[in-house]
Amino acid sequence: MNDARISAPLVTDFDTVIVGAGFAGLYMLHKLREDGFTARVFEAGTGVGGTWYWNRYPGARCDIESVDYSYSFSPELEQEWQWSERYPRQPEILAYLNHVADRFDLRRDIQLETRVTAAHFDQRTGLWRVATDRGQHVTARYCVMATGCLSLPKRPDFPGVERFAGDWYLTAAWPREPVDLTGKRVGVIGTGSTAIQVIPQVAREAAHLTVFQRTANFSVPARNGPLPAAEQQRIKADYPARRGISRDSLFGVPVAMPAAPQRTRDIPPAELRQMLETLWAQGGAMSLLAAAPDVIVDPEANAIVAEFVREKIRATVKDPKVAALLCPSTHPLGTKRLCLDTDYYETYNRDNVTLVDLRATPIEQITEHGLRTSAAEYPLDVLIFATGFDAMTGALNSIDIRGQDGLSLKQAWADGPQTYLGLASAGFPNMFLITGPQSPSVFSNMVVSIEQHVAWIAECMAYLREQGIACIEASPQAQAGWVAHVAEVANSTLMPQTDSWYVGANVPGKPRVFTPYLGGVGPYRRHCEQVAARGYEGFELIRRPVAA
Ligand SMILES: Cc1cc2nc3c(=O)[nH]c(=O)nc-3n(C[C@H](O)[C@H](O)[C@H](O)COP(=O)(O)OP(=O)(O)OC[C@H]3O[C@@H](n4cnc5c(N)ncnc54)[C@H](O)[C@@H]3O)c2cc1C
């Protein structure tokens, strides 16, 4: 980076612009304010909450337990908020995030209904110039992208969709007003984690539900239920210890990393069976992965656990043909997001539910009155698209981000994201990413990963202020090393082989790169701490010019 270019006085509208007001943007704002920085949050939605503002579809809920899928930064908040269920529904998580916005008086620095369209780094001043769709232009020394890993939904691109005379909905942009499906013939396209939540709910309401499945996914029962006050009190009495275990763990959940992990294939069959039965009875996708983490590395371990889940599917679904279609056969367990459900497989025992195999009979087109596959036409009143997201990079690439010498982020990432620690990208000084590509992000309890990134970024900014440093930028060498390390870890697992949104396979033309870091939340955190402790090793730091 050429420090001679940063010469003009640093007069800014804000110290920091934060893009997005979900879990990440809200905490980033609070933390920066606490540390004496000014900040402005821009959020495209009409309310705060991010994921939980947009995804209002029936059955939407988190798949990490409420007591763990929540902020830990405020012991008071942690103690006072009461969760009603083990896995809370979307309205409850949204209410929690609104409570956080009010409790910490965040709203006065959040501008809603404002989409950031461009962020350009001005080399002369060393400032970011940020433009919005409201025609505003503001400057800030730092730009923090809290834009979300799963915030840009894929639009339905099936031929004929514009001709459909019924109502259609995107799960990730579900209307705020209630949608009445009573007595309707409904089609759901997709069988990923969202669809697995939607399908049982819609089946209860609709006259008939047709599920269009391309890929059968593995799902584990949630065993959701009320969270009794006494149980919650017991957890809260020991909250710091529980949070500590999550921070040091593989996936950000309170399952300690074993010192000497036992290989699944070495566990005597009867003991392993007992362990899997217990995990199945307890419920929880992350607990299953955390108990047998080698399933994503060892094909033999994977085959054992995958067959256990298939057995459960066959035991639940009464029609053997439907059960066979629901048994995943195209990918190892866990290499696509492992889903969590309530009554998903049971739903296929209902008389008003039909499963259509799109591999055998692909969609030809959506017609005025329904959907036509290569084998049949299905009359429908309502279509629900649960077709996923342009994950990890979609929201970032939709902003015109330009760094040094006008370099666009989209160009820089044309062959896949290039980041150092998933926190920053070479060529883009003073820009930080929260849960960016190549950090544990979507392969973890994201609230734990968000809190870790927010704390790291805030500490970094405080250090720069203290040391009189104007700019921080990831060095290309450190970045190349990190990208190679992330790929090496991923390639030592079964993950990259599967066509999943983790590798961008769901978006035509997207470079195939495995994006989350699989080294584990705990080891990753320690590595980031070490980088900071060594004076931000791997970053180039440029001192502020001394005024003449
Ligand atoms: C249905 C669903 C269920 C999930 N369940 C879980 C779960 O159980 N456990 C888990 O760990 N994770 C889960 N996730 C992942 C979830 O996204 C994260 O847990 C978390 O909510 C991310 O918070 P965030 O603030 O980083 O991003 P988001 O919540 O996605 O917020 C980003 C915000 O940025 C805004 N934004 C983006 N671009 C712009 C722009 N250019 N200008 C202005 N605003 C912009 C968006 O409108 C959005 O509101 C789930 C995701 C989905 C979609």
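Start with Glu537, which forms a salt bridge with Arg534; their closest N and O atoms are 3.1 Å apart. By salt bridge I mean a side-chain nitrogen of Lys or Arg within 4 Å of a carboxyl oxygen of Asp or Glu. Glu537 is partly exposed, at 38% relative accessible area. That scale calls a residue buried under 20%, exposed over 50%, and partly exposed in between, with a 1.4 Å probe and protein chains only.

A word on the source. This is a predicted model: local features need pLDDT of at least 70, side-chain atom pairs count only at pLDDT 80 or more, and totals for chains, interfaces and linings use all residues. Residues are numbered from 1 along each chain as its sequence is written, and side-chain values use heavy atoms, leaving out hydrogens and water.

Back to the pairs. Side chains of opposite charge can pair when their charged atoms come close. How many salt bridges does the rule give? The count is 31.

Take Asp248 and Arg526. Their side chains meet in a salt bridge at 3.4 Å, N to O. This pair links distant parts of the chain, 278 residues apart: Asp248 sits in helix H7 (residues 239-248) and Arg526 in helix H17 (residues 521-533). Helices here are DSSP runs of H or I, at least four residues, numbered from the N terminus. Asp248 is partly exposed at 40%. Arg526 is partly exposed too, at 42%.

Next, Asp400 and Arg402. Their salt bridge is 2.8 Å, N to O. Asp400 has a relative accessible area of 28%, and Arg402 comes in at 30%, so both count as partly exposed. There is also a network: shared partners join Arg33, Asp105, Arg108 and Asp109 through salt bridges.

Now the ligand. Which residues come nearest?

Look at the backbone. A backbone N or O atom of Met446 lies 2.8 Å from a ligand oxygen. For Ala24 the distance from a backbone N or O atom to a ligand oxygen is 2.9 Å, and for Phe23 it is 3.1 Å. Taken alone, the ligand exposes 980 Å², and the protein buries 95% of that. Those areas come from the Shrake-Rupley method with a 1.4 Å probe.

Definitions and conventions: Polar contact = N/O pair within 3.5 Å; in protein donor to acceptor, adjacent residues only side chain to side chain. Helix = DSSP H or I, 4+ residues; strand = E, 2+ residues; numbered from the N terminus.
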